[in-house]
Amino acid sequence: MPIDKARVKERFVQETKEYLMLFVYLAAFLGSFTIYKRLVLQEHNLSYYHYGYSLFEAAILAKVILLGDWLGLGRSAPRGPLILAALRQTLLCSLLVIIFSFVEKIVDGLLHGRGLAWGIDAVLNMQKQEVLANFLILYVTLIPLFAVRQLEKALGPGRLFALFFKGKAD
């Protein structure tokens, strides 16, 4: 079966646009949160300069969200109000991101020559409060994102974008 180059290019362009939109949203939020942390810590004469990390994290989170889409998280047709579908998809994606953060710690141990046991120990020694706080921040951050994505699905491809940025639905 021959590859349809036009279709591959169209899909690549669409997925790139979606990735960039996710990245911009996440970078704006995580960057704002980084600035907030810096200002709070500055009041206690502590320095905090992890601005680049929030961009790196936004890039990874955007890719994990697209991976969740590829895996079919929340793909089923929503039954009931869209907000319930958005909250369900947000929960699933947030759990996926937390799992990836655990895997990241394990891979970090392997890449830096500390071994698999170090990575597993690092995951097991994470403070429950830290994991819960990260999950809560991530979950609340993603609710508007997945609500808009559910609305986009309900309206049909391109219609929400047209309403937001062109002032009319095509």
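**View 1. Lining of the second largest pocket in the predicted model.** By class, the residues that line the second largest pocket of this predicted model divide into 20 nonpolar, 6 polar and 6 charged. The volume of this second largest pocket comes to about 890 Å³. Its lining is made up of 32 residues, and those closest to the centre of the pocket are Tyr-53, Glu-57, Ser-101, Glu-104 and Asn-134. Two or more lining residues come from each of H1, H2, helix H3 (82-111), helix H4 (116-124) and H5, with H3 giving the most, 8 residues.

**View 2. The largest pocket and the helices that line it.** The largest pocket holds about 1600 Å³ of space. Among the 34 residues of its lining, Gln-14, Glu-18, Asp-69, Arg-149 and Glu-152 are the closest to the centre of the pocket. The elements that contribute two or more residues to this lining are helix H1 (5-42), helix H2 (51-71), helix H5 (128-155) and helix H6 (159-165). H1 makes the greatest contribution to the lining of the largest pocket, with 12 residues. When the lining of the largest pocket is sorted by class, 15 residues are nonpolar, 7 are polar and 12 are charged.

**View 3. The largest nonpolar core.** The largest nonpolar core contains 18 residues, of which Leu-26, Ile-65 and Leu-142 touch the most other members. At least two residues of this core are supplied by each of H1, H2, H3 and H5, and the largest share, 6 residues, belongs to H2.

**View 4. Surroundings of Ile-65.** Once its neighbours within four places in sequence are left aside, Ile-65 is in contact with Leu-22, Leu-26, Cys-93, Leu-142, Leu-145, Phe-146 and Arg-149. Two of these partners, Leu-26 and Leu-142, are named together with Ile-65 as the members of the largest nonpolar core that touch the most others, whereas another partner of Ile-65, Arg-149, is listed with the residues closest to the centre of the largest pocket.

**View 5. Spans annotated as transmembrane regions.** An unreviewed UniProt entry places the feature "transmembrane region" at residues 20-36, 48-70, 82-103 and 131-148. In the model, the span of residues 20-36 is 100% helix and 0% strand, and its end C-alpha atoms are 24 Å apart. Residues 82-103 are likewise 100% helix and 0% strand, with a separation of 31 Å between the C-alpha atoms at the two ends of the span.

Methods
Residues numbered from 1 in each chain as written. Predicted model: local features only at pLDDT ≥ 70, side-chain atom pairs only at ≥ 80, totals over all residues. Heavy atoms only, no water. 1 Å grid on protein atoms, 1.4 Å probe; cavity = no way out; pocket = protein on both sides within 12 Å on 5 of 7 lines; lining within 4 Å. Points joined across faces, edges and corners; volume = space filled by probe spheres on them. Helix = DSSP H or I, 4+ residues; strand = E, 2+ residues; numbered from the N terminus. Nonpolar A, V, L, I, M, F, W, Y, C, P; charged D, E, K, R; others polar. UniProt positions renumbered as here; feature names shortened; annotations may be inferred. Core = buried A, V, L, I, M, F, W, Y, C linked by side-chain atoms within 4.5 Å. Buried < 20%, exposed > 50% of the residue type's maximum accessible area, 1.4 Å probe, protein only. Contact = heavy atoms within 4.5 Å.
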